[in-house]
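Please go through this protein model strand by strand, with the sequence alongside.

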Amino acid sequence: MQIELENIENNLFITAYGKGYVVINKKRFKNIIFVNGYNLTEGKKDDNIYENIFLSNIFKNINKVKNNDLFLFGTGENLLDLPEKLKIFLIKNTIKFEIMNSLAAYKTHNILLHEGRNFTSIIKVL
């Protein structure tokens, strides 16, 4: 499905998606995508949305992520609650987060980019 947005200026917009892929900056991604600031990383196919090297590295630098407006988790087709340990960490450090299925996360990701918000997206590709 193609996403119609006016004035797509940011290279991190999700411009299209379909079964098993999303398109960002004219490149297809098939696994978990991680977007933090201007950085885009793709995880491995078997990565768990909540347990991966990317999240571990981000939370080691807690002062950098505390300035984020939001952490956006897209959990695939089904909504998966945060593991208790991660939830406690986010709440303890007053980091806001949203959990949704990936389809809703694609759209929310683009809206946050359009608004110029400082956020991190961790989205499992459908």
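Five of the five residues of strand S6 (70-74) are buried, so S6 is largely enclosed by the rest of the structure. Buried here means under 20% relative accessible area, exposed means over 50%, and partly exposed lies in between, with a 1.4 Å probe and protein chains only. Strands (E, at least two residues) and helices (H or I, at least four) are DSSP runs, numbered from the N terminus. From S6, Leu 70, Leu 72 and Gly 74 point one way, while Phe 71 and Phe 73 point the other way; all are buried.

The model is a predicted one, in which local features need pLDDT of at least 70 and side-chain atom pairs count only at pLDDT 80 or more, whereas totals for chains, interfaces and linings use all residues. Residues are numbered from 1 along each chain as its sequence is written, and side-chain values use heavy atoms, with hydrogens and water left out.

S6 belongs to an open sheet of five strands, in the order S5-S4-S8-S6-S7, with mixed pairing. Two strands are taken as paired if DSSP finds at least two bridges between them. Strand S5 (39-42) and strand S7 (97-100) stand at the edges, each with a single partner strand, so one side of each is left without a neighbour in the sheet. The twist averages 10° from one strand to the next; axes are lines fitted to C-alpha atoms, for helices over the stretch in contact, and angles run from 0 to 180 degrees between N-to-C directions.

S6 runs parallel to S8, and five bridges join the two; Leu 70 stands opposite Phe 119 in S8. S6 also pairs with S7 in the parallel sense, over four bridges, and here Gly 74 stands opposite Met 100 in S7. At S5, the pairing with S4 is antiparallel and again spans four bridges, with Asn 39 in S5 as the bridge partner of Asn 36. Helix H4 lies across S4, S6, S7 and S8, running at about 155° to S8.

There is also an open sheet of three strands, in the order S1-S2-S3, with antiparallel pairing. S1 and strand S3 (27-29) are at its edges, each with a single partner strand, so one side of each lacks a neighbour in the sheet. Here the twist averages 25° from one strand to the next. S1 and S2 pair over four bridges in the antiparallel sense, and Gly 18 has Tyr 21 in S2 as its bridge partner. H4 packs on this sheet too, touching S1 and S2, and its direction makes about 170° with that of S1.

Asn 25 is partly exposed, with a relative accessible area of 47%, whereas Lys 26 is exposed, at 82%. The C-alpha atoms of Lys 26 and Ile 14, 12 residues apart along the chain, are separated by 9.3 Å.

Ile 14, in strand S1, counts as buried at 0% relative accessibility. Ile 14 is also part of the largest nonpolar core, which has 19 residues; Ile 14, Val 22, Ile 24, Ile 33, Tyr 106 and Ile 123 touch the most other members. A nonpolar core is a set of buried Ala, Val, Leu, Ile, Met, Phe, Trp, Tyr and Cys residues joined through side-chain atoms within 4.5 Å. Strands S1 (14-18), S2 (21-24), S4 (32-36), S6 (70-74) and S8 (119-124) and helix H4 (102-114) each supply at least two residues of this core. H4 gives the most, with four residues. Counting contact as heavy atoms within 4.5 Å, Ile 24 touches Asn 11, Leu 12, Phe 13, Ile 14, Phe 29, Ile 33 and Leu 40, leaving aside residues up to four places away in sequence. A second, separate core of 17 residues includes Leu 55, Phe 71, Leu 90 and Ile 95.
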